[in-house]
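Have a go at each task before reading its solution.

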Amino acid sequence: MSEAPHYRHPEQLVSTGWLAAHLDDPNLRLFDCTTYLLYETGTGRPYSVKSGHEDYDNGHIPGAAFIDIQQELSDTSAPTSFMMLPHDELTRRFAAKGIGEGTRVVLYSRKATQWATRVWWMLRSIGFDNAAILDGGFEKWAMEGRPLSTTGRDYPPATLVARPRPQLFVGKAEMLRAIGNDRVCSINALAPDLHSGANPRYGRPGRIPGSVNVPAANLQDPVAFTLRPANEVAPVFERVGADRSKRILLYCGGGIAATLDAFLLHQLGYTDIAVYDASLSEWAKDTSLPIEVD
């Protein structure tokens with residue numbers, strides 16, 4: 001009898017109840033990671049990026065600091081948004097935010113968990129593993145009537161040593177080599193209309209050839225904003241051919257939604273997972289790269 005699907009790392013997904021009981025822990029580092037994408041047409045870019053700092057100022061979980069993913073943790077000189085910094089620089093910036101040895105990090109965002117999982121995946125890429133996602137994020141906390149604060153927070157700088165895992169992020173070259181390779185499963189975490197080619201948001205419509213679709217939005221409860229349980233998530237990945245023996249390459253529009261799929265695959269026990277950082281923001285504009293539509 002096969003083992004029932006379950007999340008292998010429950011300490012990396014904490015409840016609102018757990019957080020409420022630990023808000024005063026001196027080693028806790030709590031961050032609001034909210035970012036918004038304002039979709040555009042006729043500008044030559046898929047969206048503009050808006051920080052969630054205004055919403056943070058209007059009310060956040062008490063004691064939380066704010067992380068601006070694009071301005072504080074990304075390479076702002078890159079041609080696409082949200083590109084990874086070199087590991088040493090990213091480590092320095094996380095340390096400046098108060099993340100270091102002996103700290104317990106909890107990340108949350110509003111509306112979409114993918115912003116929190118993006119920061120979680122970045123921390124994992126520099127070798128920091130004592131981080132968790134708040135299940136249900138800000139919405140669940142607020143819906144439960146828990147306290148909010150308008151007092152800003154900055155943690156004192158910490159000491160953080162990088163232990164890089166460069167294999168957690170890939171570029172277009174590895175995505176290209178994966179096409180037709182039956183030892184690799186490439187997964188698009190975007191909505192079905194973007195995967196099929198019905199929506200040309202990123203330039204050339206369509207997907208990386210041979211890739212399959214597991215929309216990140218479908219892995220989160222649309223009302224409670226909690227992540228779906230393992231017994232619902234595991235079959236979704238299995239149906240598209242995401243076998244544990246394969247290398248799993250995940251992409252989306254800009255390497256954000258893909259991290260939600262990556263987080264859940266990690267929870268399910270997959271070990272060879274990577275995110276294509278630039279994703280379709282790069283791929284769709286490079287006419288030398290193949291693309292397919294339904």
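**Exercise 1. Sort the residues that line the second largest cavity by class, then find where they come from.**

Step 1. By class, this lining has four nonpolar, one polar and two charged residues. Here Ala, Val, Leu, Ile, Met, Phe, Trp, Tyr, Cys and Pro count as nonpolar, Asp, Glu, Lys and Arg as charged, and the others, Gly among them, as polar.

Step 2. Now put names to them: the lining is made up of Gln12, Trp120, Leu123, Arg124, Phe128, Asp129 and Ala131. Residues are numbered from 1 along each chain as its sequence is written. The model is predicted, so to speak of local features takes a pLDDT of at least 70, and side-chain atom pairs count only at pLDDT 80 or more, while totals for chains, interfaces and linings use all residues.

Step 3. Helix α5 (residues 114-125) gives the largest share of this lining, three residues. Helices (H or I, at least four residues) and strands (E, at least two) are DSSP runs, numbered from the N terminus.

Step 4. The space inside comes to about 40 Å³. On a 1 Å grid over the protein atoms alone, a cavity is a set of points where a 1.4 Å probe fits but cannot get out, and a pocket is an open set with protein on both sides within 12 Å along at least five of seven lines; lining residues have an atom within 4 Å of a point. Grid points are joined across faces, edges and corners, and a volume is the space filled by probe spheres set on the points.

**Exercise 2. Describe the largest cavity.**

Step 1. Start with the count: the structure has three cavities of 30 Å³ or more. The largest holds about 50 Å³ of space.

Step 2. Its lining has 13 residues, with Ser109, Ala112, Thr113, Gly136 and Gly137 nearest the centre. Six of the lining residues are nonpolar, five polar and two charged.

Step 3. At least two lining residues each come from β7 (131-134) and α6 (137-143).

**Exercise 3. Which element gives the most to the lining of the largest pocket?**

Step 1. This pocket has about 500 Å³ of space. Among the 32 residues that line it, Tyr39, Ala112, Gln114, Ala217 and Ala257 are the closest to its centre.

Step 2. Look at the elements that supply at least two residues each: β3 (35-39), α5, α8 (192-196) and α10 (257-267). β3 gives the most, with four residues.

Step 3. Sorted by class, the lining has 22 nonpolar, seven polar and three charged residues.

**Exercise 4. Is Ser279 buried or exposed?**

Step 1. Ser279 sits in helix α11. Its phi is positive, about 50 degrees, although Ser279 is not a glycine. Most residues other than glycine have a negative phi.

Step 2. Ser279 has 0% relative accessibility, so it counts as buried. Buried means under 20% relative accessible area, exposed over 50%, partly exposed in between (1.4 Å probe, protein chains only).

How values were computed: Side-chain values use heavy atoms; hydrogens and water are left out.
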